[in-house]
Amino acid sequence: MKKREFFVKINFPERLKTLESLAYNLWWVYNNNAKDLFKMIKPELWQETLHNPIEILLSLSEHDLQQLEKDQVFLSRLDSVWNDYIEYIKTPKWFETIRDLEKHGNMQIAYFSAEYGMHESIQSYAGGLGILSGDHFKAASDLGIPFIAVGLLYRNGYFHQYLNSDGWQLETYPYNEFYKMPIVEAKDENGDPLMIEIPSYNSLIKAKIWLVHLGFSRLILLDTDIDDNIPENKIITGKLYDGEPEMRIKQEIVLGIGGVRALKKLGIKPTVFHINEGHPAFAIIERIKDYMMEDGLNLYEAINMVKYTTLFTTHTPVPAGFDVFDNNAIYKHLGPIYNGTPLSIDEVLKIGKVNPYNSSELFSMAICGVKCSIFRNGVSKLHGKVSRRIFNNLWPNVSEPFVPVGHITNGVHLQTWVADEIKTLFNRYLGENWYMRPYQKSVWSNVYEIPDLELFEAKNILRTRLVEFIRKRTINSINKRGGSYSEIVKANEILNPEILTIGFARRFATYKRGYLLFSDEERLNKILNNPKMPVQIIIAGKAHPKDTEGKEIIKKIYHISRKPEFRDKIVFVEDYDIQVAKYLVRGVDVWLNNPRRPMEASGTSGMKAAINGALNFSILDGWWVEGYKNNNGWSIGAGEEYSDPKYQDFVEGQELYDKLENEIVPLFYTKDRSGLPREWLKMMKNSIFIGCSEFSTSRMVMEYHEKYYTSLHELCNDLSEQNFANLREFMNFKNEISSKWHKLRLVKAEIISDNLYMGSTVKFYAEVYTDDLDPNFLKVCVISDTNCPKIEFEDPKFIELDFKESKDGVSIYSREVRLTCSGKIRFAFGIFPKNRFILNEFEDNLFVWE
């Protein structure tokens with residue numbers, strides 16, 4: 001039986017048209033007045049639909065619309081919210097204040113990610129990577145940066161988690177009805193849906209283009225669940241992170257290659273490409289092909305043009321986390337796409353390998369991203385160091401500190417994650433426009449003006465709301481698995497809104513060690529059931545469907561929570577998502593994180609807790625290495641890394657219990673005569689100040705812009721100028737210098753000084769045998785580091801020497817430098833290629849040490 005369907009649009013009266021416009025712009029997800037407006041229409045449905053305004057509007061009958069049109073209170077609030085939105089759009093943004101029209105006039109940043117966590121009603125995310133992408137998207141709009149994101153529209157999204165009566169994780173997959181989501185079809189000039197096409201080994205893959213709007217930012221989502229596709233291609237955009245390699249490579253082809261084609265279809269010409277993790281790296285391959293076919297560049301020129309306009313961000317702390325595909329998979333899936341083009345699959349394979357000529361090496365999406373980007377970064381200072389170690393094999397002669405991989409520490413979108421009660425305090429004591437300038441540290445100094453009593457009461461409200469939410473959610477879980485009435489009665493009594501509450505929520509990968517807090521049940525019992533100072537724990541998180549070890553950890557915790565001594569004190573919350581996360585990070589007093597260092601790349605959930613006044617208790621890993629200041633939380637360990645995991649678990653488990661028992665719990669319950677825990681409240685304010693002033697996505701995106709986006713944009717314009725004349729000149733330079741590099745040698749290098757005192761002047765002098773190479777093509781440097789305790793450089797400074805003269809193939813370079821500090825100065829002489837387009841001395845593996 002052939003079934004057909006059609007969609008009936010709502011015919012909004014003129015007075016309510018702005019309501020539709022608001023619903024389809026995700027600005028509302030972090031504007032309380034807008035959310036309250038939609039909630040006002042149908043409060044119960046607002047809760048049932050996970051706060052989805054589109055479903056609210058679709059439920060309206062003609063009679064409902066007529067009633068709303070007559071409701072003067074509603075219309076007044078609608079006008080107020082619309083004015084807020086217009087003010088948001090019209091208020092000058094940060095980018096406008098720093099923009100140089102001559103340089104930035106055509107700037108357009110394209111950001112590729114496999115997932116986006118923007119709101120609980122849009123199921124297009126799995127975890128931290130997606131939430132970070134969503135927060136990046138929001139902050140780009142707040143800052144007014146020209147930003148367009150690219151992703152996939154998943155019909156089934158990521159799985160929903162539920163536990164059976166034995167505590168074993170089971171999975172169900174949602175069915176996303178796109179017409180119920182705040183997304184719109186992209187249409188051509190005739191009003192027909194815009195599509196992109198990708199050749200495949202079995203059939204043409206077609207994908208429909210959808211658009212999501214948020215303030216100034218746009219998100220392109222690709223959807224293959226259309227009738228034009230054969231069944232196995234319809235499900236490419238079915239499940240997020242499908243575990244099968246065959247489906248995984250298809251998804252990443254649609255994301256990367258399809259994403260580039262979608263941008264072209266929409267007439268968008270990015271000057272900057274930001275590849276977020278390895279999943280979208282095929283976008284690089286597609287762009288190389290485009291430069292060859294459309295602009296007549298050869299392979300070498302095309303690769304470099306792509307490289308010098310691309311940023312690659314890695315979130316992975318171990319090489320095993322990168323997606324890899326064998327040669328046959330690349331031939332099978334990319335062959336049909338690039339047959340008949342100047343780009344051969346043999347050349348594609350070389351791009352994704354450390355050793356291009358190793359036929360047994362797998363094609364790595366991350367290696368592809370790193371090799372074809374001029375900027376790469378980890379997502380915290382420590383993760384930058386870890387990433388330099390991971391990718392050191394691409395620069396085999398470069399010592400680890402000089403590997404050209406940087407870092408930008410992640411942040412969180414404050415307007416999304418700060419609780420309403422805390423926002424009210426911010427409005428009262430920081431000024432109502434704090435959210436317009438969250439990147440200015442001075443804005444946050446007034447956090448210390450918030451009265452202790454008001455902060456204490458706000459946290460009590462949030463903790464109470466968390467407990468009520470978890471009781472309701474637990475009852476729903478009991479009903480779903482057919483639990484008894486007595487279980488429901490007991491669920492109404494779990495947790496206590498007045499006692500110290502610890503939160504632990506994350507993906508249940510084994511390295512995150514969800515079991516550590518439960519390793520000594522006797523000691524845990526003593527801490528939780530102390531009659532004078534009781535404690536409770538809330539746990540949440542999913543294990544990957546194929547991660548049996550992760551599921552076993554969840555099951556173990558579930559069984560412990562069912563024991564009589566823990567029944568009311570430990571709760572596992574099923575189906576961790578944005579909604580659960582908001583209640584948790586806002587309501588808990590302590591946020592626990594105990595991964596195996598250095599396996600946590602960043603850990604943004606701890607930032608979300610901090611900005612709501614929770615105190616972090618964490619391993620010194622990820623962001624906490626930078627965020628921990630002694631007065632805003634606690635550390636577990638001092639940053640040690642162990643070779644024996646069992647011994648590490650024992651040592652850090654004991655420290656975890658010791659600090660809870662002797663420091664954290666007593667401090668929470670130490671109150672003055674007025675009943676306030678003054679020292680705890682001081683730490684809460686420190687936590688809020690440091691979290692908000694240093695770890696917002698506004699700061700993060702500004703850092704991306706200043707450190708990477710601006711340079712990439714300028715490189716794009718410069719290199720493509722005059723039909724790529726500058727690019728070709730640069731390629732000629734690279735060819736010449738690489739062909740003659742083997743002739744170079746440092747003949748003489750010395751430091752000349754009458755005395756070595758602070759304030760005196762020293763002369764660095766070098767003689768270099770340059771043969772027939774232009775001495776102006778060389779950058780002769782002294783690399784120095786002051787009071788560095790290790791053999792390796794930690795914070796090297798590059799002092800370029802001036803070219804003086806050449807004679808008989810020997811060039812002289814020197815420079816006088818004033819000594820501005822005392823102590824041990826370690827230095828070395830080095831020679832590097834010099835060109836205005838070379839942004840890192842070690843990029844091309846061409847250098848000579850003394």
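Q: How many residues lie between β7 and β8 in their hairpin?
A: There are two residues between β7 and β8 in this hairpin. The model is a predicted one. G215 sits in the turn and has a positive phi of about 55°. The strands β7 and β8 (residues 217-223) pair in the antiparallel sense over seven bridges.

Q: Which other strands pair with β7?
A: Take β6 (residues 195-198), which four bridges join to β7 in an antiparallel run. Six residues link β6 to β7 in a hairpin. Look for E197, which stands opposite K206 in β7. Then take β5 (residues 184-185), joined to β7 by two bridges, also antiparallel. V184 has L211 in β7 as its bridge partner.

Q: Why is β7 described as largely enclosed by the rest of the structure?
A: Count its buried residues. A residue is buried when its relative accessible area is under 20%. In β7 (residues 205-214), eight of the ten residues are buried, so the strand is largely enclosed by the rest of the structure.

Q: How do I describe two packed helices?
A: Two packed helices are described by the angle between their axes and the distance between the axes.

Q: Which residues meet where α5 packs on α6?
A: From α5 come L68, E69 and K70, and from α6 come Q72, F74 and L75. Sorted by class, this contact has three nonpolar, one polar and two charged residues.

Q: What is the order of the strands in the open sheet that contains β21?
A: Read across the four strands: β21-β22-β26-β25, with antiparallel pairing. The edge strands are β21 (745-752) and β25 (802-807), and each pairs on one side only. From one strand to the next, the twist averages 20°. Now zoom in on β25 and β26 (residues 810-818). Five bridges pair β25 with β26 in the antiparallel sense. Here F803 stands opposite Y813 in β26.

Q: How many residues are in the largest nonpolar core?
A: The largest nonpolar core has 179 residues. I220, F282, I330 and F391 have the most contacts inside it. Helix α29 (residues 697-740) gives this core its largest share, 16 residues. Apart from this core lies another, of 96 residues, among them A540, V590, L592 and W623.

Q: What does I330 touch?
A: Skip residues up to four places away in sequence. I330 then touches several residues, including I249, F282, F325 and F363.

Q: Is K659 buried or exposed?
A: Check the percentage against the cut-off. K659 has 15% relative accessibility, so K659 counts as buried. K659 lies in helix α27 (residues 645-669). Beyond its neighbours within four places in sequence, K659 is in contact with F617, S635 and I664.

Q: What should I look for in the backbone?
A: Most residues other than glycine have a negative phi, and most peptide bonds are trans. Look for exceptions. H51 is not a glycine, yet has a positive phi of about 60°. H51 is in the loop between α3 (43-48) and α4 (53-58). With a relative accessible area of 12%, H51 is buried. D771 also has a positive phi, about 55°, although it is not a glycine. D771 is in the loop between β22 (761-769) and β23. Its relative accessible area is 31%, so D771 is partly exposed.

Q: Where is the cis peptide bond that involves P598?
A: The bond from R597 to P598 is cis, with omega near 5°. P598 lies in the loop between β18 (590-593) and α25 (604-610).

Key:
Residues numbered from 1 in each chain as written. Predicted model: local features only at pLDDT ≥ 70, side-chain atom pairs only at ≥ 80, totals over all residues. Heavy atoms only, no water. Pairing = 2+ DSSP bridges. Axes fitted to C-alpha atoms, helices over the stretch in contact; angles between N-to-C directions. Core = buried A, V, L, I, M, F, W, Y, C linked by side-chain atoms within 4.5 Å. Buried < 20%, exposed > 50% of the residue type's maximum accessible area, 1.4 Å probe, protein only. Contact = heavy atoms within 4.5 Å. Nonpolar A, V, L, I, M, F, W, Y, C, P; charged D, E, K, R; others polar.
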